[in-house]
Amino acid sequence: MSTKPKLYYFDGRGKMESIRWLLAAAGVEFEEEFLETRDQYEKLLQGGSLLFQQVPMVEMDGMRMVQTRAILSYIAAKYNLYGKDLKERALIDMYVGGTDDLMGFILMFPFLSAEDKEKQRALIVQKATSRYFPVYEKVLKDHGQDFLVGNNFSWADVHLLEAILMVEEKKSDVLSGFPQLQAFKARISSIPAIKKFLEPGSQRKPVPDDKYVETVRRVLRMYYDIKAN
């Protein structure tokens, strides 16, 4: 295996994007193999690399890891982005879990019909502004610190910034009522490793387009339409 982590996924965001974000935040260089054909996917299946017959899959430290949450937890722990004790880890898990719930509404967005996309866009903004962002706004206001947990940069901060930027793609002024999150976004975006990842030419993926959707459908043989929530 390569000395650098190697990521196996599509040339697009999906569930792998949060892994890219976390590796970048940790300052870890990584390689990628993009799935473009069904044959590539079948080869991984037949070789036993996909424990549950699904991607993302990451080769790292002599392991072939699947299940997005397990991969992220390993990276966070390895690179000291997972708190200093069990209590901080529990808080990070809670905040990451909430952010995951919000991002779940966005993950399916590219695969919806045009009509359903408009409904989903409104739902994403509604959920963000009424259910999720107020939580983080209050946390930051109450403890008055720069980061969500223990006043140290963690996985929770990386995940929240990723989610904020994704929601802003649906509504650019979505943070207008959240001054703490506006300051948080500016602060986290200015961290050198994050700033580098946000620059053009990085391994951060753009908003999913029709080519990405078609590739995923072809490789995974998705012959059905996803319905909006």
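I take a helix axis as a line fitted to C-alpha atoms over the stretch in contact, with angles running from 0 to 180 degrees between N-to-C directions. The model I am looking at is predicted.

**Entry 1. Helix packing, H1 and H3**

I began with helix H1, residues 17-25, and its approach to H3. The two axes come within 10 Å and cross at roughly 5°. Angles under 35 degrees count as roughly parallel, so I put H1 and H3 down as roughly parallel to each other. On the H1 side I listed Ser18, Ile19, Leu22 and Leu23 as making the contact. H3 contributes Thr68, Ile71, Leu72, Ile75 and Ala76.

**Entry 2. Helix packing, H4 and H5**

Next I looked up H4, residues 86-107, against H5. Their axes come within 9 Å and cross at roughly 165°. That angle makes H4 roughly antiparallel to H5, because anything over 145 degrees is counted that way. I noted the crossing of H4 and H5 as left-handed. From H4, the residues in contact are Tyr95, Gly98, Thr99, Asp101, Leu102, Phe105 and Ile106. They meet a set in H5 that includes Gln120, Leu123, Ile124, Lys127 and Ala128. Phe133 is also one of the H5 residues in this contact, and I return to it below.

**Entry 3. Aromatic pairs**

How many aromatic pairs are there, if ring centres must lie within 6.5 Å? I get a count of 7 aromatic pairs. Phe133 and Phe178 form one that is edge-to-face, at 5.9 Å centre to centre with 85° between the planes. Phe133 lies in helix H5 (residues 114-143), while Phe178 is in the loop between helix H6 (155-168) and helix H7 (179-189). The pair therefore ties together parts that are 45 residues apart in sequence. I checked burial for this pair, and both Phe133 and Phe178 are buried.

I then went to Phe147 and Phe153, whose pair is tilted. Here I have 6.1 Å centre to centre and 50° between the planes. Both Phe147 and Phe153 are buried.

**Entry 4. Charges over rings**

I found the charged end of Arg89 over the ring of Tyr82, 4.1 Å from its centre. I also found Lys170 over the face of Phe109, at 4.5 Å from the ring centre.

Ser73 is in helix H3, which covers residues 68-78. Is Ser73 buried or exposed? I record it as buried, because its relative accessible area is 19% and the limit is under 20%. With neighbours within four places in sequence left aside, Ser73 is in contact with Tyr82 and Trp155. Tyr82 is the ring that Arg89 sits over.

Two residues in the loop between H3 and H4 went into the notebook, Asn80 and Gly83. Asn80 is exposed, with a relative accessible area of 69%. Gly83 is partly exposed at 37%. Not counting residues up to four places away in sequence, Gly83 touches Glu88 and Ile92. I also took the C-alpha to C-alpha separation of Gly83 and Leu23, which is 16 Å for residues 60 apart in sequence.

Most residues other than glycine have a negative phi, and most peptide bonds are trans. I looked for departures from this.

Asn80 has a positive phi, near 55°. Gln67 also has a positive phi, near 70°. I placed Gln67 in the loop between strand E4 (63-66) and H3. At 35% relative accessibility, Gln67 counts as partly exposed.

Which residues does a cis peptide bond join? I have Val55 and Pro56, with omega about 15°. Pro56 is in the loop between helix H2 (38-46) and strand E3 (57-60).

**Entry 5. Arg187**

Leaving aside neighbours within four places in sequence, I find Arg187 in contact with Leu140, Gln145 and Asp146. The C-alpha atoms of Arg187 and Leu161 are separated by 10.0 Å, with the residues 26 apart along the chain.

Terms used: Residues numbered from 1 in each chain as written. Predicted model: local features only at pLDDT ≥ 70, side-chain atom pairs only at ≥ 80, totals over all residues. Heavy atoms only, no water. Phe/Tyr/Trp six-rings, centres within 6.5 Å; stacked < 30°, edge-to-face > 60°. Helix = DSSP H or I, 4+ residues; strand = E, 2+ residues; numbered from the N terminus. Buried < 20%, exposed > 50% of the residue type's maximum accessible area, 1.4 Å probe, protein only. Lys NZ or Arg CZ within 6 Å of the ring centre and 35° of its normal. Parallel < 35°, antiparallel > 145°, perpendicular 65-115°, else oblique. Left-handed = near helix turned anticlockwise from the far one by under 90°. Contact = heavy atoms within 4.5 Å.
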